[in-house]
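Me: I am new to this structure and would like to learn how to read it. Could you take me through some features, one at a time?

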Amino acid sequence: MQVVVIGTGFVGVVTAAALASFGNQVTGLDIDPAKVASLQEGEVPFFEPGLTDLLKQELKNGRLRFTSSYQEAIPDAQVILVAVGTPSAPDGTADTTYVEAACQESAKYIADDVVIGIKSTVPPGIFSILTKKIKSITDKNFYLASLPEFLREGTAVEDTLHPDRVVIGCREAAAIERLKHLHEPFQAPIVIANPESAQMGKYTANAYLAQRITFINQIADLCEENGADVQEVIKIIGHDKRIGDHYWYPGFGYGGSCFPKDVRELAAYSRSVGQGDNLFNKINELNENRPHLKLQDFAESIGGWQDKKVAVLGLSFKPNTDDLREAPSLKVVPQLLHKGAQVKAYDPMAMAAWRRQVGAKPHLSLVDTLAEAVTDAEVIILLIEWPEIVGFDFASLPALAGGQRRTLIDVRNQLDPAKFSTDQWLYLSIGRKNDQR
Ligand SMILES: NC(=O)c1ccc[n+]([C@@H]2O[C@H](COP(=O)([O-])OP(=O)(O)OC[C@H]3O[C@@H](n4cnc5c(N)ncnc54)[C@H](O)[C@@H]3O)[C@@H](O)[C@H]2O)c1
């Protein structure tokens, strides 16, 4: 099938390469010419495990190419997949202007009966707006479908090639048949729904997962008051089949390119329909404030941040990605600097992204090795559980000059507290009462 994927970011490139690997003729289309040039050379402009190999393989097979020209790409397309960004607008709603622009620009060149599948996460109700905009430009017949994407950065290739399900949100049989055919090689359950259900299903999945993180954080905060250990609590509830032992991540809250903006959109939508006091607004508020409040708590345990030498380990929003969108580091580092700390920051993959997007700041050193970050650190903050960081032998670090005790703040509860029970260490974590405090 002739497929055009519009927007070659995290979702678009993986989708384009995966569809090419199943024998389709795929064009990736992006308005960023530098990105297009780099992808055409087989270079992925961000870090995603396994993607470069898949991309190079499909470029070599001649099934995949990239362009920034709608005029060149769109006329032959049988299916157009829109995977442009939908960031939060200032009022919390999803900004759909990129999706609208992609549809309008495509409309100038579409062939009759093309299927336009929206993979971007968009609010229910957008199809009436998109339909009007496309019809104002073309007389050609077209079908709109919602194809929400559920991949996770860090495992995006695996998630795309072997999805838990494929959702086709569409009311028209002809378009459903074509999209079913396109997705058959994925060998996943296909859920056919109306477009609004498909879109609401995507928001529901992200809001539910975000809620799980917020929920266990609330439990963790109570554990800190009463001697319970949140990791033991998770084991106890995990045996309950209704609950499960997966996806419990006490810490500084959720970040990333999706959960924060999708919960915000649901919260904004709730307000717009007079349900503003519901769960989604509260989740959003709790998550926004959490890194700030937890840093304040830890400051009390260590006598404040002023003049402390602090190593911050893990700048991306989660392991195995260099994506900084809504990463906890973006709140933690500025707050530490504001409170007078001297910060050394390290990430196995996101240093270049940090230098590009945030840059240098007074009293902040961006270092190239983990050892360099921690050697003279009085406080080490394990912020993101990259394997390299979790596997580092912190307990063997030499004592600081003058026999001063080091503090290790294990934000993701990854390390064994018993290893830090010596006088040389103060070990602090989440959801456990620390007797040393
Ligand atoms: N990143 C994820 O893990 C993930 C997972 C599931 C769903 N989603 C959703 O998928 C969508 C895309 O997310 P992403 O993270 O891949 O975004 P991204 O920001 O990485 O990439 C978007 C791309 O679209 C391009 N673009 C913008 N306007 C364009 C236009 N008019 N024509 C052509 N290209 C255009 C940009 O240049 C950019 O390369 C969002 O709605 C997001 O919520 C993302």
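Reply: Gladly! Let us begin with a polar contact: the side chains of Arg 264 and Ser 88 are joined by one of 2.9 Å. A polar contact is a pair of N or O atoms within 3.5 Å; within protein, one must be able to donate a hydrogen and the other to accept it, and residues adjacent in sequence count only if both atoms are side-chain atoms. Keep in mind that this is a predicted model, where local features need pLDDT of at least 70 and side-chain atom pairs count only at pLDDT 80 or more, while totals for chains, interfaces and linings use all residues. Residues are numbered from 1 along each chain as its sequence is written, and side-chain values use heavy atoms, with hydrogens and water left out.

Me: Where is Arg 264 placed, and is Arg 264 buried or exposed?

Reply: Arg 264 sits in helix 11. Helices (H or I, at least four residues) and strands (E, at least two) are DSSP runs, numbered from the N terminus. Buried means under 20% relative accessible area, exposed over 50%, and partly exposed in between (1.4 Å probe, protein chains only). With a relative accessible area of 15%, Arg 264 is therefore buried.

Me: Which residues does Arg 264 touch?

Reply: Contact means heavy atoms within 4.5 Å. Not counting residues up to four places away in sequence, Arg 264 touches Ser 88, Gly 92, Asn 284, Glu 288 and Glu 326.

Me: Glu 326 is on that list. What is there to notice about its phi?

Reply: Glu 326 has a positive phi of about 55°, although it is not a glycine. You will find Glu 326 in the loop between strand 9 (309-313) and helix 13 (329-338). Its relative accessible area is 34%, so Glu 326 is partly exposed. Asp 113 is also not a glycine, and has a positive phi of about 70°. Asp 113 belongs to the loop between helix 5 (97-107) and strand 5 (114-118), and its relative accessibility of 33% is why it counts as partly exposed.

Me: How should I read two packed helices?

Reply: Two packed helices are described by the angle between their axes and the distance between the axes. Axes are lines fitted to C-alpha atoms, for helices over the stretch in contact, and angles run from 0 to 180 degrees between N-to-C directions. Take helix 9 and helix 11: their axes come within 9 Å and cross at roughly 110°. That makes helix 9 roughly perpendicular to helix 11. Angles under 35 degrees count as roughly parallel, over 145 as roughly antiparallel, 65 to 115 as roughly perpendicular and the rest as oblique.

Me: What is the handedness of the crossing of helix 9 and helix 11?

Reply: A crossing is left-handed if the near helix is turned anticlockwise from the far one by less than a right angle, and right-handed if clockwise. Helix 9 passes helix 11 in a left-handed crossing. By class, this contact of helix 9 with helix 11 has 9 nonpolar, 1 polar and 3 charged residues. Ala, Val, Leu, Ile, Met, Phe, Trp, Tyr, Cys and Pro count as nonpolar, Asp, Glu, Lys and Arg as charged, and the others, Gly among them, as polar.

Me: At what angle do helix 9 and helix 10 pack?

Reply: Helix 9 (residues 195-226) and helix 10 (residues 230-238) pack at about 125°, with their axes 9 Å apart. That makes helix 9 oblique to helix 10. The crossing is right-handed. Here Ile 216, Ile 219, Ala 220 and Cys 223 of helix 9 meet Val 230, Val 233 and Ile 234 of helix 10. The classes in this contact are 7 nonpolar, no polar and no charged residues.

Me: And how do helix 9 and helix 12 pack?

Reply: For helix 9 and helix 12 the angle is about 45°, and the axes are 10 Å apart. That makes helix 9 oblique to helix 12. Their crossing is left-handed. The residues of this contact divide into 6 nonpolar, 4 polar and 5 charged.

Me: Which backbone atom does the side chain of Thr 67 reach?

Reply: The side chain of Thr 67 reaches the backbone nitrogen of Ser 69, at 3.0 Å. Thr 67 lies in strand 3 (residues 64-67) and, at 6% relative accessibility, counts as buried.
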